[in-house]
Structure formats: structure tokens, C-alpha cells
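Subject: Handover of a structure

Dear colleague,

Please find the structure below, followed by an account of what was found in it.

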Amino acid sequence: MSSLREFLRNEARQQMQSEMQAFQAMHAELLVQYRGEFVAIYQGKLIDHDADQLALFQRTQQRHPNRTVLIKPVQDDPEEVYSFRSPVLEGV
């Protein structure tokens, strides 16, 4: 059973990567129309958008249950940047 679970996880990862690529390809267009909103991407297409992420998620789950749907905010930079402060270790 674990091999089936692993297969399904890998399929979901590949689908999410595909949706991310579609999001990046559409980013310039999305930015013009949906800046500051969340968008839902499914099978490489924009399927919905909303300023309320939870409302978008709920609609998406209702319309596409058990499917891999990317929900991302439309911001100036298509890639989210995370900054972490690292503690300075003394005596190292």
C-alpha cells in the first residue's frame, strides 16, 4: 500500500509543478488583472480568482474535489522570497 501512496504523492507533486509553470508563464497577464488577489490554476488554466483566499479555496474544493489546484497570490514577483535570520554562534 505504501508504494501506491508514494505514487499518488509523486503524481500530485508533478501536477503542482506543472501548475506552477503555468502560473509563471501567465504571471505578466495575471498581474495586470488580478494584482493583490489570489488565483486558482488547474490544468494550466486560470479557473477562478478572489481577494479572499479562503473563499477561493472553498469554491475550488467544491468544484474540483480531490484534484491538485494551485492557489497563489498575484504579486509583483512570481516567486515568493523567504528571509530567515540566522543566529550568530559565538566562538565558532
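Setting aside its neighbours within four places in sequence, Val39 is in contact (heavy atoms within 4.5 Å) with Phe23, Leu30, Tyr34, Leu46, Asp48, His49, Leu56, Leu70, Ile71, Lys72 and Val74. This is a predicted model, in which local features need pLDDT of at least 70 and side-chain atom pairs count only at pLDDT 80 or more, while totals for chains, interfaces and linings use all residues. Residues are numbered from 1 along each chain as its sequence is written, and side-chain values use heavy atoms, with hydrogens and water left out.

Val39 also belongs to the largest nonpolar core, which has 10 residues in all: Ala22, Phe23, Met26, Leu30, Leu31, Tyr34, Val39, Ile41, Leu70 and Val74. Such a core is a set of buried Ala, Val, Leu, Ile, Met, Phe, Trp, Tyr and Cys residues joined through side-chain atoms within 4.5 Å. Buried means under 20% relative accessible area, exposed over 50%, and partly exposed in between (1.4 Å probe, protein chains only). H1 and S1 each supply at least two residues of this core, and the largest share, six residues, comes from H1. Helices (H or I, at least four residues) and strands (E, at least two) are DSSP runs, numbered from the N terminus. Another core, of six residues, lies apart from it and includes Phe38, Tyr42, Leu56 and Val69.

The structure also holds four salt bridges, each being a side-chain nitrogen of Lys or Arg within 4 Å of a carboxyl oxygen of Asp or Glu. One of them joins Asp76 to Arg35, with the closest N and O atoms 2.1 Å apart. This pair links distant parts of the chain, 41 residues apart: Asp76 is in the segment after strand S3 (70-73), and Arg35 is in the loop between helix H1 (2-34) and strand S1 (38-42). Both Asp76 and Arg35 are exposed.

Asp48 and Arg63 form a salt bridge at 3.0 Å, N to O. Asp48 lies in strand S2 (residues 45-50) and Arg63 in helix H2 (residues 53-63), so this pair ties together parts that are 15 residues apart in sequence. Asp48 is buried, with a relative accessible area of 12%. Arg59 and Asp50 form a salt bridge at 2.9 Å, N to O; Arg59 is partly exposed at 22%, whereas Asp50 is buried at 19%. Asp48, Asp50, Arg59 and Arg63 are linked in a network of salt bridges.

Yours sincerely
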